[in-house]
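Okay, everyone, thanks for coming. Have a look at this one with me, and then I'll walk you through some helices and rings.

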Amino acid sequence: MVSKRGTFASRFGVVAAVGGSVVGLGNIWRFPYVAGENGGAVFIIIYICISLLVSVPIMLSEFSIGRSTKRNSMRAFNKLAPGTKWKFVGYLGILTAFVILAFYCVIAGWALEFLREALFNNFAGKTAEQITENFNMFVSSGWKPAIWTTVFIIASVAVVYAGVEKGIERYNKIFMPLFVVLLVGLMLYTLSLDGAKEGASFLLKPDFSKLTGRTFLNALGQSFFSMSLGMGAMITYGSYIKKEENMFRVAGMVAATDVFVAVLSGLVIFPAVFSFGISPTSGPELVFITLPNVFAQMGAGYIVSVIFFMLLFLAAITSSVSLIEVVTVYIYEEMRLSRRRAACYVGLGTFIMGMLSIISQLPGSSIKIGGQNLVSFFDHLSSNIMLPIGGLFIVIFTGWVFAPAKFKAELTSNFKYGVKIYPIVYFLIKFVAPVVITLLFLNLIGVI
Ligand code: PHE
């Protein structure tokens with residue numbers, strides 16, 4: 001049973017909805033810490049190239065698969081290539097969504113705790129050491145992150161349960177520009193701090209001696225994660241896009257927004273990182289131990305910090321809703337459960353995974369994989385392995401299995417848009433993207 005699907009009302013509706021999924025913790029939290037660990041400017045250059053040459057073509061592939069079939073991702077593959085194993089790409093996507101949710105809701109929980117701290121004006125008057133210590137105490141308490149993670153999961157599931165995603169997306173039109181304005185303001189402030197220059201040059205002056213094969217894979221993983229690619233989210237969104245819509249334009253706008261917000265977030269964080277003597281390779285806590293220092297010093301720090309964490313929470317919830325949605329749609333279309341029930345099951349699964357992640361972060365916890373706690377493990381596993389594998393299958397499918405004439409008609413909206421650049425995009429999908437991803441995997445396993 002496939003229920004009737006709606007379509008997005010206007011172009012801005014599509015961009016706002018897809019943008020809601022795409023812009024999230026990936027841009028504000030993950031991008032700065034990964035860029036910090038991978039040498040700053042070099043990483044950013046590679047990240048931008050990969051986003052353009054690999055990620056945008058994958059986004060266009062996902063949109064086309066979704067729009068041409070109007071099915072959840074597993075059924076979409078089944079419809080385009082009946083009786084084949086391709087539907088496993090859909091299953092892989094569902095598994096990936098769970099792995100991402102397992103740590104995403106924990107980090108979003110951190111954002112909620114920081115919103116509470118901001119509301120109580122707790123950053124004021126603290127030194128950089130005290131702020132780091134507070135953060136460590138919070139994470140190692142166990143129960144505090146558990147509460148906030150639970151609150152976040154309930155809030156996300158409630159949105160899907162009540163079916164009000166569209167309602168939230170409407171507000172993206174206001175929230176997203178507001179977030180950008182706030183980030184620009186913060187950037188101007190952090191660039192004026194003592195020692196900020198060092199941070200700016202870390203992000204803008206490439207040091208090619210830092211370049212390794214892993215830098216490329218990390219950039220690819222970051223780009224896929226940030227643009228919600230490789231697990232079927234964009235297939236699901238594609239299935240709601242109208243036939244007359246120009247998908248090149250949607251993908252272009254979404255990708256440009258995503259990269260812009262990420263780099264902007266880096267420009268806010270790094271001047272402060274250097275100014276407060278924090279290590280750029282601090283890892284996942286980087287943003288959380290850096291920004292409170294900025295708010296503690298700023299004139300209007302109280303109000304700015306409250307608005308910032310509020311907007312971060314909203315950005316995170318529109319992304320987690322898209323993750324929950326992919327799995328929920330699958331369960332209710334395939335298992336004949338009601339949508340609401342399906343949403344609750346997904347919430348329960350996420351809760352269990354989230355709690356395991358939190359327990360693994362407790363000091364002395366024995367839940368570690370390869371020496372990493374589950375937050376780091378799931379984070380790396382999803383971005384650097386699962387999403388690229390999913391993305392690889394998606395481009396191979398689009399370039400080599402999807403009937404070329406049908407794909408061209410779909411992507412160009414019946415030869416209306418992008419007919420001239422189509423050959424370039426098709427070349428990127430058929431050859432460049434699969435080759436790049438394969439080479440990076442071969443490098444990862446040590447073959448090249
Ligand atoms: N792109 C989202 C973010 O940046 C995370 C996400 C990944 C959402 C994959 C959906 C699918 O926060």
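Let me start with a term: rings of Phe, Tyr and Trp (its six-membered ring) pair if their centres lie within 6.5 Å, with planes under 30 degrees apart called stacked, over 60 edge-to-face, and the rest tilted. This is a predicted model, where local features need pLDDT of at least 70, side-chain atom pairs count only at pLDDT 80 or more, and totals for chains, interfaces and linings use all residues. Residues are numbered from 1 along each chain as its sequence is written, and side-chain values use heavy atoms, leaving out hydrogens and water.

So, how many aromatic pairs does the structure hold? It's 37. Take F407 and Y422: they form a tilted pair, 6.1 Å centre to centre with 50° between the planes. F407 lies in helix α17 and Y422 in helix α18, so this pair ties together parts that are 15 residues apart in sequence. Helices here are DSSP runs (H or I, at least four residues), numbered from the N terminus. With a relative accessibility of 0%, F407 counts as buried, meaning under 20% relative accessible area with a 1.4 Å probe, protein chains only. Y422 is buried too, at 6%.

Ring pairs also link a cluster, including W110, F114 and F123.

Now stay with α18, residues 422-444. Among the residues meeting between α16 and α18 are W400 in α16 and K430 in α18; contact means heavy atoms within 4.5 Å. By class, that contact has 15 nonpolar, five polar and one charged residues; Ala, Val, Leu, Ile, Met, Phe, Trp, Tyr, Cys and Pro count as nonpolar, Asp, Glu, Lys and Arg as charged, and the others, Gly among them, as polar.

Methods
Axes are lines fitted to C-alpha atoms, for helices over the stretch in contact, and angles run from 0 to 180 degrees between N-to-C directions. Helices (H or I, at least four residues) and strands (E, at least two) are DSSP runs, numbered from the N terminus. Buried means under 20% relative accessible area, exposed over 50%, partly exposed in between (1.4 Å probe, protein chains only).
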